[in-house]
Amino acid sequence: MLTHEPVRCLLSGPALSPVLHDALTQVPVRICAEPAFDDVVAALGDRAPAGPDEADRHDNPVFYGWEPSYAAIMRLTSPAHKHLAGLCKDKAAFRRLTSDLTPAFRCVELRPHELRTFRPPCDRSVVLKPSIGTNSIGVRVVASADAWAEAVEQSLDEINRASARVGTDVVSDTLFLVEDYVEGTEFACDGFWNRDGQAVITGIYEHPFDTPGDVADVVYFTSRPIMRALLPPATELLNRIGARLGPGARRFAFHLEARLRSDGVLVPIELNPLRFGQIGFSDLAFHAFGHNPYLCFFTDTGPDWPALCMGDDDICALVVSLAAPGTDRMAQTADFLAAVGPDRVGFVAADREESPFLGIAFTRVSSREEIPRLLSLRSP
């Protein structure tokens with residue numbers, strides 16, 4: 001007998017995580033899918049229509065894994081979760097919602113016509129970002145007032161090109177944030193609020209960068225020491241965010257990005273609703289710790305972190321590869337996987353028609369000293 005509501009899972013985008021696929025075979029899940037996944041759905045045996053009135057007929061929790069399908073998942077989710085997803089997706093609304101968690105954090109909202117006349121502070125770096133965005137599109141770290149004008153033009157151009165491709169509900173130039181650049185180590189965190197409204201974390205991943213101004217999503221890594229150190233403050237932060245979202249934040253998946261300051265404060269940067277990291281990102285938890293994060297959400301159960309955090313301190317990392325225009329995709333993939341090295345433990349390949357990504361490789365590394373080598377694998 002089920003002790004949890006079956007999840008409605010939308011399959012879309014350029015890839016299907018094998019760890020997600022395995023979870024779908026283990027528990028009852030209502031599956032909606034793009035035509036590219038018809039064979040997968042047929043094998044699994046259940047397909048639900050994704051009509052515009054789905055949300056009126058179903059209050060089941062929902063899950064998806066590809067940000068450009070945001071409009072489709074909004075048609076499937078309940079009115080309560082649709083409202084909460086909007087608060088999280090809109091970075092300005094999320095910043096207002098969580099402003100009391102970091103009272104010294106400064107943030108200004110600007111309309112597009114105000115960008116060129118805005119004067120950034122001279123005494124500190126700031127981050128320019130669209131309020132509606134994904135994958136760091138249009139995000140710029142501005143270290144000086146002299147760099148502001150160029151950053152604005154680059155951001156607007158990047159957003160315009162992206163929104164034409166994926167839609168303005170995913171990336172939009174209607175509102176911008178200019179906020180303090182948070183000095184510290186960046187982390188991503190996948191998880192969900194369970195049926196009791198408590199935060200359940202399925203994985204925490206450090207997000208390294210080449211330089212302070214870098215915003216690229218290239219490498220993430222995790223380990224048992226990372227989980228032991230970050231699990232308590234991340235759980236506390238997410239419970240506080242959940243309390244601000246209210247009683248509707250139940251059976252609700254999230255992908256949080258945050259920075260850990262030198263004073264130990266974990267500052268929320270943004271929270272992506274109704275999903276974990278994209279195109280198999282969360283497979284990193286499986287490769288690092290052996291549990292299935294998707295199965296946790298589908299069954300409303302948390303990982304046994306005390307047991308999972310026992311053992312070696314090995315590091316497991318993921319590396320995202322982009323396809324170089326005008327090159328043979330198969331040859332480039334082979335070169336990329338060879339460069340990742342012999343300790344690779346998995347690879348999620350992306351479909352060439354749907355995405356500029358080649359895919360995500362997962363590998364074990366012996367120490368943090370190897371991370372710069374993985375960062376150097378970013379594609380042109």
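Which elements cover the buried residues of helix α8? In this predicted model, local features need pLDDT of at least 70 and side-chain atom pairs count only at pLDDT 80 or more, while totals for chains, interfaces and linings use all residues. Residues are numbered from 1 along each chain as its sequence is written, and side-chain values use heavy atoms, with hydrogens and water left out.

Helices (H or I, at least four residues) and strands (E, at least two) are DSSP runs numbered from the N terminus. Helix α8 comprises residues 148-166. Its buried residues (under 20% relative accessible area with a 1.4 Å probe, protein chains only; exposed is over 50%, partly exposed in between) are Trp148, Ala151, Val152, Ser155, Leu156, Ile159, Ala162 and Ser163. Seen down the axis, these fall within an arc of 145° and therefore line one face of α8; the arc is that of the directions from the helix axis to the C-beta atoms. An α-helix has 3.6 residues a turn, so residues three or four places apart point the same way. The cover of this buried side includes α7 (112-115), β5 (126-132), β6 (140-142) and β7 (172-180), contact being heavy atoms within 4.5 Å. The face turned away from the buried side carries the exposed residues Ala149, Glu150, Ala164 and Arg165. Just after α8, glycine 167 takes a positive phi of about 100°.

In helix α1 (residues 18-26), Val19, Leu20, Ala23 and Leu24 are buried. They cover an arc of only 145° around the axis, which puts them on the same side of α1. These buried residues pack against β1 (8-11), β2 (30-33), α2 (38-44), α10 (283-289) and α11 (293-299).

Conventions:
The expected span of a helix is 1.5 Å times one less than its number of residues.
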